[in-house]
Amino acid sequence: MTTAGTAALVRQPDGSTRATLLELLFDVVFVAALALTSTLLTETISWSGSAKVLLMLTAIWWTWSVTSTTTEFYDPQQRPIQAILMITMVGAVGMAASLPTVTDGHAMIFACAYVGTHVLRGIILITSLYRQRHRAAMVRATRFLFWFVVSGVFWITGAATGTVNWTLWVIAIAIDLLAAAARYPTPLLGRVPIDQYERTTGHLGERYQQFVILALGDIILVPTIRVSRTDLDGIRITALFCAFAVMLLLWQVYVFRAGELLEAGARGGRPARVAPYTHLVMLAGVVATAASFDLVVSRPTGTTPVRWLLLIVGGPALFVVGRALFTLLVSTDVPWWRISCLIVPLVVLPWAGGWPPVLVVVAVALGLAGHVLIPGAVRETTPGLQIRQPDE
């Protein structure tokens, strides 16, 4: 039995799907955290260090994704949901601020910020829904809380000694990702029903699009900050213009050529289920691309180290692959022939190590331009959040 008070908290099917101003502010905080992740990746010199940055990036992204799912199910205009958004922003600031010092004795700050955000969200939701006697929504929130408590044990234990136990943190993030993929199977409560994913609205698709567009801005923001602290010469300006071009080309890939997010209610709610994972791949590409341009503008000439090559070429490639995976998993319609343009930067890799970094980024930009500019027969989706219907 749902009371009138519950209807104010649970999003109504005929309600507005526009993002609120608080949600946009929420996005900005997380995009700032991504920029710090790119800077940290720039300063990391080992492969193991890069893997650790990826793990922390995954935790930051997962916090955004789960919280955005919350504002999809519940009305973000209501005070409990606004409180959740503000608490999550504080958690994001805590995770971002502790990023550079996680390995220097401040791992507990990161762990507490991550775990505390998810646990407090669950407590607020369950308490509010219990008072409003909405059992179905309360059960859903309980499933989420249960699994974040389980993973939280590993997050906190892994940071308890001050030195990160990376094995425990890998287990923790794996629990979070796999529990979501399995629809949060919980003792006595079962799993999240498929029809709940089918009932998601265009709001969730809009939220993902907004966040990716904001995140792409880091590709120009991070190197611009670097350039402002160095001598501004012609070759650095060239590298900065390449960063701007790559940012615009990836925007084209996401919004136009690769299509927008499909209507979340289609095909058993599959878009809503696969979007967090495929967009994680895209965001890893954004972070790597921003880090690569941070390196290039700091030293645009000379030879290009192997690690730089992987960031310069791998960042945009990850983004395109992530977008293609999303389209593949949702519609099975992927323009593989257009993606083949990414082969251009890969072909030059054996020789690119002897090239100046600025020349390598030019080659990458040309490959992306081919991906975007080659005409296609049809888009994967129509403008907006509608699935393209087959011709009669």
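What is the mean pLDDT of the protein, and what share of its residues reach 70 or more? I looked this up before anything else, since the model is predicted. The mean is 84, and 86% of the residues reach 70 or more.

**Entry on confidence.** Helix H1 (residues 4–9) has the lowest confidence, with a mean of 55. Helix H7 (residues 166–181) has the highest, at 96.

**Entry on helix H4.** I checked the length of H4 (residues 79–98) against its residue count. At 1.5 Å a residue, its 20 residues should span 28 Å, and the end C-alpha atoms are 29 Å apart, so the two agree. I also looked up burial along this helix. Among the buried residues of H4 are Ile-81, Ile-84, Leu-85, Thr-88, Met-89, Ala-92 and Met-95. Gly-91, Gly-94 and Ser-98 are buried in H4 as well.

**Entry on aromatic pairs.** I searched the whole structure and found 15 aromatic pairs. One of them is Phe-110 with Trp-155: the ring centres are 6.3 Å apart and the planes stand at 45°, so I noted the pair as tilted. Phe-110 is in helix H5 (residues 107–131) and Trp-155 in helix H6 (residues 135–159), so that the pair links distant parts of the chain, 45 residues apart. Is Phe-110 buried or exposed? Its relative accessible area is 0%, so Phe-110 is buried. Trp-155 is also at 0% relative accessibility and therefore counts as buried.

I then took Tyr-114 with Trp-155. Their ring centres are 4.8 Å apart and their planes at 50°, so this pair is tilted. Tyr-114 lies in H5 and Trp-155 in H6, so the pair ties together parts 41 residues apart in sequence. I found Tyr-114 buried, as is Trp-155.

**Entry on charges over rings.** I looked up two arginines. The charged end of Arg-140 sits over the ring of Phe-73, 4.1 Å from the ring centre. That of Arg-323 sits over the ring of Tyr-254, 5.1 Å from the centre.

**Entry on the cores.** Which residues touch the most other members of the largest nonpolar core? The core has 99 residues, and those with the most such contacts are Trp-62, Phe-110, Tyr-114, Trp-155, Trp-169, Tyr-184 and Phe-319. Helix H12 (residues 270–298) gives the most to this core, with 15 residues. I listed the contacts of Phe-110, leaving out residues up to four places away in sequence: Met-56, Ala-59, Met-95, Ser-98, Leu-99, Val-102, Trp-155 and Trp-169.

**Entry on Leu-349.** I placed Leu-349 in helix H16 (residues 349–352). Leu-349 has 27% relative accessibility and so counts as partly exposed. Beyond its neighbours within four places in sequence, Leu-349 is in contact with Leu-309 and Val-313. I also looked up Val-360, which is 11 residues from Leu-349 along the chain; the C-alpha atoms of the two are separated by 8.8 Å.

Notes. Residues numbered from 1 in each chain as written. Predicted model: local features only at pLDDT ≥ 70, side-chain atom pairs only at ≥ 80, totals over all residues. Heavy atoms only, no water. pLDDT = per-residue confidence, 0-100. Helix = DSSP H or I, 4+ residues; strand = E, 2+ residues; numbered from the N terminus. Expected span 1.5 Å × (residues − 1). Buried < 20%, exposed > 50% of the residue type's maximum accessible area, 1.4 Å probe, protein only. Phe/Tyr/Trp six-rings, centres within 6.5 Å; stacked < 30°, edge-to-face > 60°. Lys NZ or Arg CZ within 6 Å of the ring centre and 35° of its normal. Core = buried A, V, L, I, M, F, W, Y, C linked by side-chain atoms within 4.5 Å. Contact = heavy atoms within 4.5 Å.
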